[in-house]
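Trainee: I would like to go through the terms used for this model. Can we take them one at a time?

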Amino acid sequence: MAELHASIISLVSLASGIASNHPAMGQCQLSKLRDMGVSEEQIAAVIDIARHIRDEAAQKLDLAFDQASYPDEQQKSEQTIQASTEENCCSTTASGQSCC
């Protein structure tokens, strides 16, 4: 198996911590990334993408919960979920950063 560079591992750890709402949110990775010379712009892009994925997952979870909780709104929720599913799976963040 190919080994990943330490900076890639730290970026993945940072992103997954943020996206999963982990209490530490990968904050311990920030100093490691800076010490390795990863630029602030690259770190900011990873944070932006991770937050976008986290927020998108929460929205879809809320839609599914609403669908189960409010049967009268089921058709509306189904249409909303269908529309969000049909969107390009490669959405962009508010800043325009691609998630792919």
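**Terms and cut-offs**

Mentor: At 53% relative accessibility, Leu-4 counts as exposed. This is a predicted model, where local features need pLDDT of at least 70, side-chain atom pairs count only at pLDDT 80 or more, and totals for chains, interfaces and linings use all residues. Residues are numbered from 1 along each chain as its sequence is written, and side-chain values use heavy atoms, without hydrogens and water.

Trainee: Why is Leu-4 called exposed?

Mentor: Exposed means over 50% relative accessible area, buried under 20%, partly exposed in between (1.4 Å probe, protein chains only). Leu-4 has 53%, so Leu-4 is exposed. Leu-4 sits in the segment before α1 (6-19). Together with Ile-8, Ile-9 and Val-12, Leu-4 makes a nonpolar surface patch of about 360 Å².

Trainee: What makes α1 roughly antiparallel to α2?

Mentor: α1 and helix α2 (residues 27-35) pack at about 150 degrees, with axes 9 Å apart. Angles over 145 degrees count as roughly antiparallel, under 35 as roughly parallel, 65 to 115 as roughly perpendicular, the rest as oblique. Therefore α1 is roughly antiparallel to α2. Their crossing is left-handed (the near helix is turned anticlockwise from the far one by less than a right angle).

Key: Patch = residues over 30% accessible without salt bridge, like charges linked within 9 Å, V, L, I, M, F, W, Y side chains within 5 Å. Areas by Shrake-Rupley, 256 points an atom, 1.4 Å probe, with all protein chains shown as cover. Salt bridge = Lys/Arg side-chain N within 4 Å of Asp/Glu carboxyl O. Helix = DSSP H or I, 4+ residues; strand = E, 2+ residues; numbered from the N terminus. Axes fitted to C-alpha atoms, helices over the stretch in contact; angles between N-to-C directions.
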